[in-house]
Amino acid sequence: MNAGETQRAPWIVGVSGASGTPYAAAVLRALLAAGEMVDLVVSRASRLTLLDETGISFRDAHWQDDLREWLARGADGKPGTFDVDVSGVRYWSAGDLAAGPSSGSYPAKGMLIVPASTACVAGVALGLSKDLLQRAASVTLKERRPLVVAVRETPLNGGTLRHLVALDDAGAQVVPTSPAFYAGATHIQDLVDFVAGRVLDAAGVGHGLYRRWTGELGGGSAG
């Protein structure tokens, strides 16, 4: 590690196997647009979801090309919608338990899990650390860094609700992937961006992804 490397303090973004890869893409794009560094962990199950939802195969050996293709795609599936520079991203394989984010001494601002499956929620709540995503989340909690968990499932059973309460008790912020309509959404991308914006709000990262409530009725239907 060189001298410049010690100054890098990224947000760790974990993508689990729940449906909702457009949410992860929107969060990643916004972090990079805000000038943030990102460490990316893509779980084994999420690769199947990404393939199913976008047709993109995410491969360790070609992760930059695959990530660029993924982030360029809109929530409606249209390729080439966004132009994204992925040079601020470092990728870690989910099976690499010796990776940087597995240690509390690794500098990071915090972690965002988008989307978070119920299996991922359970693993983090119970401290299982079965892969790098769960291990990095456990490290984030023990180091008292921000952890945002964007849970994507419905309905929620009692076990998952108890796991979410345990995460809240441990200091995580639980953000359900529930889009709102007061922001004047006219496209699926608007709904996705609202959820991504709320995730970034919880992390304290500035963005312009959605129209904020101003206290004036009818604002969402204006213009």
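How many bridges pair E1 with strand E2 (residues 38–42), and in which sense do the two strands run? I opened the predicted model to find out.

**Entry: E1 and E2.** I looked up the pairing and found five bridges, in the parallel sense.

**Entry: the whole sheet.** Next I wrote down the strand order, which is E3-E2-E1-E4-E5-E6. The sheet is open, has six strands and pairs in parallel. Strand E3 (89–93) and strand E6 (173–174) each have a single partner strand, so one side of each has no neighbour in the sheet.

**Entry: the neighbours of E4.** I checked both partners of this strand. Strand E1 (residues 11–15) is joined to E4 by four bridges, running parallel, and Trp-11 has Gly-110 as its bridge partner in E4. With strand E5 (residues 147–151), E4 also pairs in the parallel sense, over four bridges. There, Met-111 is partnered by Leu-147 of E5. Helix H4 (residues 118–126) lies across E4 and E5, at about 145° to E4.

**Entry: buried or exposed?** My last stop was the side chains of E4. In a regular strand, side chains alternate between the two faces of the sheet. Gly-110, Leu-112, Val-114 and Ala-116 point one way from E4, while Met-111, Ile-113 and Pro-115 point the other way. Both sets are buried. Since seven of the seven residues of E4 (residues 110–116) are buried, the strand is largely enclosed by the rest of the structure.

How values were computed: Residues numbered from 1 in each chain as written. Predicted model: local features only at pLDDT ≥ 70, side-chain atom pairs only at ≥ 80, totals over all residues. Heavy atoms only, no water. Buried < 20%, exposed > 50% of the residue type's maximum accessible area, 1.4 Å probe, protein only. Pairing = 2+ DSSP bridges. Contact = heavy atoms within 4.5 Å. Axes fitted to C-alpha atoms, helices over the stretch in contact; angles between N-to-C directions.
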